[in-house]
Amino acid sequence: MKIETLAIHAANHTDASTAAVIQPIVLATTFERDEDGGYSKGFSYSRAGNPNRLSLENVLAKLEGGVDAAAFSSGNAAGMAVFQSLKPGTHIIAPDDMYHGLRNQLKILFNGILEFDFIDLNNENLLKNTIKQNTGLIWVETPSNPLLKITDIKEMVTVAHENNIKVACDNTFASPLGQQPLKLGADLVMHSTTKYLGGHSDLTGGALITPVKDEWWERIQQIQQMGGAISSPADCYWLTRSIKTLPYRMRAHAENAGLLASFLDNHANVEQVLYPGLTSHPQHELAKEQMLNFGGMLSFLVKGGVVQTERVINATKLFTSATSLGGVESLIERRAAIEGPDTKTPQNLLRVSVGLEHIDDLIADMDAALNQI
């Protein structure tokens, strides 16, 4: 089936008891045993499994071309499960502009438990020289947040597998409609399902998807069930509902982002635009080869300093000043202010999650705001 069909049907089950064409929300925390003490329906306790979570995990796996998925209560919980699955002392190589929430997990929560280096993954020599005997994971984030850097997943996989190292890819910015890391050889895909998969800024979730059910995956599932950082039945239901429109939403997000990026690229008060769909992007050709579309996220640098940059934010009417991304509404934020004092993000950079409003309205609003500086 094509991905549009999978998005609608892979998680939907007609209810056997009522014949309802949409699967109901199953709020039960526990399930009745059979007369022999077993669980023939497949569910015993909601932390271990729930019908809504099973449906969600099924559609997530199919969208990414995997064989199984694990749904978590947040993207950070999904990322943490990966780090928890590694043996103490394992060395991780991660991008130097890694999403700050997961970067801080490694620096604070796993300090002294895991080893890690944050490097420019696009520097092949540096990558190879950073590999150690105990390196067990290369963490890839492409496009990156918020600099929109593109990393060659196939190259990462080649280098990693030559050294018996796993590759995990944060696919949140691209979504399964924009990029398929498992088909490029990655060993694991991670999502903050809060973002494009949820798509409406009203739920929090995370997910991991695997191409094989191996020992590593069994360990991750163990962490999911024993640790208990699971998605609630209601969140699983609403997320499954949102995924049904994901293919069409992502096309519109990407189209709007491309048009807004082109407008900003020619604006007198914009220093630089970071969007992989622009020919000026340093990895544009790689993005063309690796991505199915260029996504709905862009960043740009305002001409001026913090004062001018924040003036643009405060002058917009349709771009809401807020953290997060992937909703139908457009969001904007000065990312360095969120990431803290050790950020590598320029102080005059604005990250934009381009929504589904009419592009003419978005361009007019941004133009008016930029002209305020």
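First, a term: a cavity here is a set of points, on a 1 Å grid over the protein atoms alone, where a 1.4 Å probe fits but cannot get out, and its lining residues have an atom within 4 Å of a point. Grid points are joined across faces, edges and corners, and a volume is the space filled by probe spheres set on the points.

Next, the ground rules. This is a predicted model, in which local features need pLDDT of at least 70, side-chain atom pairs count only at pLDDT 80 or more, and totals for chains, interfaces and linings use all residues. Residues are numbered from 1 along each chain as its sequence is written, and side-chain values use heavy atoms, with hydrogens and water left out.

Start with the domains. The chain splits into domain 1 (3-242) and domain 2 (247-371), with bounds from an automatic or database domain assignment. Their C-alpha centres are 26 Å apart. Across the divide, 38 residues of domain 1 contact 36 residues of domain 2, where contact means heavy atoms within 4.5 Å.

Now the cavities. How many of 30 Å³ or more turn up in the whole structure? Two.

Helix α4 (residues 100-109) gives the most, with three. Helices are DSSP runs of H or I, at least four residues, strands are runs of E, at least two, and both are numbered from the N terminus. By class, this lining has three nonpolar, five polar and six charged residues. Ala, Val, Leu, Ile, Met, Phe, Trp, Tyr, Cys and Pro count as nonpolar, Asp, Glu, Lys and Arg as charged, and the others, Gly among them, as polar.

The second largest cavity has a volume of about 40 Å³. Among its lining residues are Pro-95, Ile-119, Glu-141 and Thr-151. The classes here are three nonpolar, three polar and five charged.

Last, Lys-195. An unreviewed UniProt entry lists Lys-195 as "modified residue: N6-(pyridoxal phosphate)lysine". UniProt positions follow the numbering used here, feature names are shortened, and annotations may be inferred rather than shown by experiment. Lys-195 sits in the loop between β6 (188-191) and β7 (206-210). Buried or exposed? Lys-195 counts as buried, because its relative accessibility is 15%. The cut-offs are under 20% relative accessible area for buried, over 50% for exposed, and partly exposed in between, with a 1.4 Å probe and protein chains only. Leaving out residues up to four places away in sequence, Lys-195 touches Thr-172, Ser-324, Leu-325 and Gly-326.

Note on methods. 1 Å grid on protein atoms, 1.4 Å probe; cavity = no way out; pocket = protein on both sides within 12 Å on 5 of 7 lines; lining within 4 Å.
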